Amino acid sequence: IAVATTRTVFAAGLLWCIHLLFFRRFLAIYPFALGACLAAGAINGAGSLLFYVGLARVDAALAQLLFTFHVIFLAVFSWLDGQRLSWLTALRLGLGVLAVALLKSTSSGDMDGTSALMLVTAGGLYALHIFINQRTLYDVPAPTVTLYTLTGMALTVLIGYAAFGLPALSVEPGGWVPLALLTLFTLMQRLTLFMGVKELGGPQTILLTLSEALVTIVAAALFLGERFTLGQWAGAGVLAASLALISREEQLGDVPRPRPWVLLFA
């Protein structure tokens, strides 16, 4: 919890510094969009806390697999919003979930029902925050959405950090480098995520972000000496097929744009 709070708050603070020094034009936002961004950040922040609490009692690979079902939640949210997913997108969604299951097939942890529910709920909250941001991105630039959404997330995890009794962050001197890199990568991931949502739409962006499982496995093999199992090689192949099929998506040239927030209440 302390690490999650530190990386989120530091990332938000760094982003504020960058905006104030170099990109003040991206500070402007109208009130309703500001509220939407802060709400989305709060939802994702709550999901982040649920994820880390669940992670404490579930094998990490299994936790990542349960969280991956956010792609299904987002598909449902998009469908309820009037977007119709193509058969190819549905196929790629199924392939993506199968690929992550295969990539995480070495999991040896036992299933804890309460923790599993926390992790699935965390995935649902992550999908909901993407859905809200997709609407906000209709008429607000991605850097602006990133700034205020990350701010809402930072405020929420700070509240959660206090609720958990302000646990100490015990970091050895050499540990600050990876913590700083984690903060930087959090900032980069958030910014590129919302840029992707604005250009491709939420479902396509989420499908592409499933590649994080493959990146994790490859990095572990290169830097930690881990090796692929046969199941993981199969998962890598299935995921590569799912990612390659994006070039066949007919909707990419004309991404369905959500209606502005104001039209929802017209």
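Author: T6 touches L169 and L179, where a touch is a contact of heavy atoms within 4.5 Å, and residues up to four places away in sequence are not counted. The model is a predicted one, in which local features need pLDDT of at least 70 and side-chain atom pairs count only at pLDDT 80 or more, while totals for chains, interfaces and linings use all residues. Residues are numbered from 1 along each chain as its sequence is written, and side-chain values use heavy atoms, with hydrogens and water left out.

T6 lies in helix 1; helices (H or I, at least four residues) and strands (E, at least two) are DSSP runs, numbered from the N terminus. T6 counts as buried because its relative accessibility is 12%. Buried means under 20% relative accessible area, exposed over 50%, and partly exposed in between, with a 1.4 Å probe and protein chains only.

Helix 1 covers residues 2-22, and its 21 residues reach 30 Å from the first C-alpha to the last. That reach is close to the 30 Å expected at 1.5 Å a residue, the expected span being 1.5 Å times one less than the number of residues. T6 is one of the buried residues of helix 1, which also include A2, A4, T5, R7, T8, A11, A12, L15 and H19.

L184 belongs to helix 8, and it counts as partly exposed because its relative accessibility is 36%.

L184 also takes part in a nonpolar surface patch of about 530 Å², together with L14, V177, L181, F185 and M188. Such patches are made of residues with over 30% relative accessible area and no salt bridge, joining like charges within 9 Å and nonpolar side chains (Val, Leu, Ile, Met, Phe, Trp, Tyr) within 5 Å. A salt bridge here is a side-chain nitrogen of Lys or Arg within 4 Å of a carboxyl oxygen of Asp or Glu, and accessible areas come from the Shrake-Rupley method with a 1.4 Å probe, where for residues only the protein chains shown count as cover. Helix 8 (residues 176-200) supplies the largest share of the patch, five residues. F185 has its place in helix 8 and, with a relative accessible area of 49%, is partly exposed.

The loop between helix 7 (142-163) and helix 8 holds F164. This residue touches I1 and V53, again leaving aside residues up to four places away in sequence. The C-alpha atoms of F164 and I1 are separated by 8.2 Å, although the two residues are 163 apart along the chain. F164 is partly exposed, with a relative accessible area of 46%.

Another pairing of this kind involves G35, which is placed in helix 2 (residues 31-55). G35 is partly exposed at a relative accessible area of 38%.

In helix 4 (residues 70-80), the buried residues are H70, V71, L74, A75 and S78. They cover an arc of only 140° around the axis, which puts them on the same side of helix 4; the arc is that of the directions from the helix axis to the C-beta atoms. An α-helix has 3.6 residues a turn, so residues three or four places apart point the same way. On the other side of helix 4, W79 and L80 are exposed. Helix 6 is largely enclosed by the rest of the structure, because 17 of its 24 residues are buried.

For the chain overall, the secondary structure comes to 12 helices and zero strands. Of its 266 residues, 44% count as buried. Residues 24 or more positions apart account for 90% of the contacts with a separation of 6 or more. The accessible surface comes to about 13,200 Å², and 72% of it belongs to carbon and sulfur atoms.
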